[in-house]
Amino acid sequence: MTRNPVEKTSVTMLGLGAMGTALARTWLAAGHPLTVWNRTPARGAALAAEGAKVADSAAAAVAANTLIVVCLLDDASVDEALAGADVAGRDLVNLTTSTPAQARARTEWARARGARYLDGGIMAVPPMIGVPEAGGYVFYSGSREVFERHQEVLRVPAGTTYVGEDAGFAALHDVALLSAMYGMFAGAAHAFALIRKEDIDPVSLAPLLADWLVAMVPAVHQTADRLRSGDYSKGVVSDLAMQVAGTPTFLSTAEQQGVSSELLVPYFELMRRRLAEGGGEEDLTGVIDLLVR
Ligand code: NDP
C-alpha cells in the first residue's frame, strides 16, 4: 500500500494550510504518491490538479498509507482531526507546532492507539520548503525507528535534524532557537529606535548592525563551554563588573534619544543581580542560572 512501482513511499498529508500545502507540493513534485485531507476541502483542489488524491475524511486519509504527516494549526486541531481515525500500525509524523509537554503527551496518545510517533519542529517558512539552498530544516524527535525508516522522504521538503528519542526535544529546540531570535530582534529594534529621530538612514545602519551581530554570534559557543565546565570566569575578556558599570551609558543614551529602555532593562537587571551575588569576574553566563528557577 505504501510503495508504487518506482519505490517512492506513499505519503498522507493532513492539513493544507500555508505550510502543509508547501510540504505536500514537494512530495508530489518528487513523485511520491500523495493522499491529502484538509478540514476545508476546497484547499485540496489545486493539489488534486497536480496529482494528489483527496480523501473525504481524515480517517480515510490515515487508512490510505502507513506514513502520515500532520501539519495543522495547533495541538487541539490535531486532536480534533484524528478523533475518528484508526492510527494503529501507522507512522505518525506530527509537524504541528507544539510544546514539549504536548509532544510527549501525543507520543503516549499514539502508543495507546498502536501507532509509532515522531514529532517535528519546522525551522523554515513556506517559501523555504523544497528549496535546499534556503537552509530550512526540521527538528525531529521521538521514534528513531520512524525517523530512520522515512528519512529519505522527510528530507524532500527540508533538511532533517534528529535531536533525540524524547519526543519533546524537537519542540524544545524549536522554541529555544526562536526565543533567541526574538531576543536578537528586540536588540535590533532598540538599535533602530535610537537612530529613528536622527539624520541617520536605517539602511546605512542595517549592514553595520548585521555584521556586528554576526561577529558576536560565536559567543554562544563560549557560553556553552562555560556551562559545561561550570567555570564562568576563566579567560573572560569583558567581565560582568565592567559591563554593569557601562549600563548607565546605555540607559542615559536611550533617555537622551527619547527611546524607551523597556527592552534593555530586564537583561541589565539580571546582570546587576549576578554582580551583587559576586559574579563580577565572570562573563554573562551567570545570567542563565538566574533564569532557571
Ligand atoms: P495555516 O493557518 O495556514 O493552516 C492551518 C491548518 O490547520 C489548515 O489546514 C486548517 O484547516 C487546519 N486547522 C485549524 N484548525 C483545525 C481544526 N480544529 N481541525 C482540523 N484542522 C484544523 O497554518 P500553517 O500551515 O502556516 O501552519 C501549520 C503549522 O505549521 C502550525 O503549527 C505552524 O506553527 C507551523 N509552522 C508554520 C510556519 C509558517 O511560517 N507558516 C513556520 C513554522 C511552523 P482549514 O483550512 O480548514 O482552516
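The centres of domain 1 and domain 2, taken over C-alpha atoms, are separated by 37 Å. The chain is divided into domain 1 (11–171) and domain 2 (172–291), with bounds that come from an automatic or database domain assignment. This is a predicted model, in which local features need pLDDT of at least 70 and side-chain atom pairs count only at pLDDT 80 or more, while totals for chains, interfaces and linings use all residues. Residues are numbered from 1 along each chain as its sequence is written, and side-chain values use heavy atoms, with hydrogens and water left out.

**Domain contact**

- Contact (heavy atoms within 4.5 Å) links 11 residues of domain 1 with 6 residues of domain 2.

**Sheet**

- An open sheet is formed by 8 strands in the order β3-β2-β1-β4-β5-β6-β7-β8, and its pairing is mixed.
- Strands (E, at least two residues) and helices (H or I, at least four) are DSSP runs, numbered from the N terminus; two strands pair if DSSP finds at least two bridges between them.
- β3 (53–54) and β8 (159–162) each have a single partner strand and stand at the edges, so one side of each has no neighbour in the sheet.
- Strand β6 (residues 116–123) and strand β7 (residues 137–142) run antiparallel and are joined by 6 bridges.
- D119 stands opposite S141 in β7.

**Helices on the sheet**

- α5 lies across β5 (91–94) and β6, at about 150° to β6.
- Helix α6 (residues 144–154) lies across β1 (11–14), β4 (67–70), β5, β6, β7 and β8, and runs at about 50° to β6.
- Axes are lines fitted to C-alpha atoms, for helices over the stretch in contact, and angles run from 0 to 180 degrees between N-to-C directions.

**Packing of α4 and α5**

- Helix α4 (residues 75–82) packs with helix α5 (residues 100–112) at an angle of about 15°, their axes being 11 Å apart.
- That makes α4 roughly parallel to α5, a term for angles under 35 degrees.
- D75, V78, D79 and L82 of α4 make the contact with Q102, R106 and W109 of α5.
- By class, this contact of α4 with α5 has 3 nonpolar, 1 polar and 3 charged residues; Ala, Val, Leu, Ile, Met, Phe, Trp, Tyr, Cys and Pro count as nonpolar, Asp, Glu, Lys and Arg as charged, and the others, Gly among them, as polar.

**Packing of α7 and α8**

- Helix α7 (residues 168–195) and helix α8 (residues 202–216) pack at about 145°, with axes 11 Å apart.
- M184, A188, A191, F192 and I195 in α7 meet P202, L205, A206, L209 and L213 in α8.
- By class, the contact of α7 with α8 has 10 nonpolar, no polar and no charged residues.

Key. Parallel < 35°, antiparallel > 145°, perpendicular 65-115°, else oblique.
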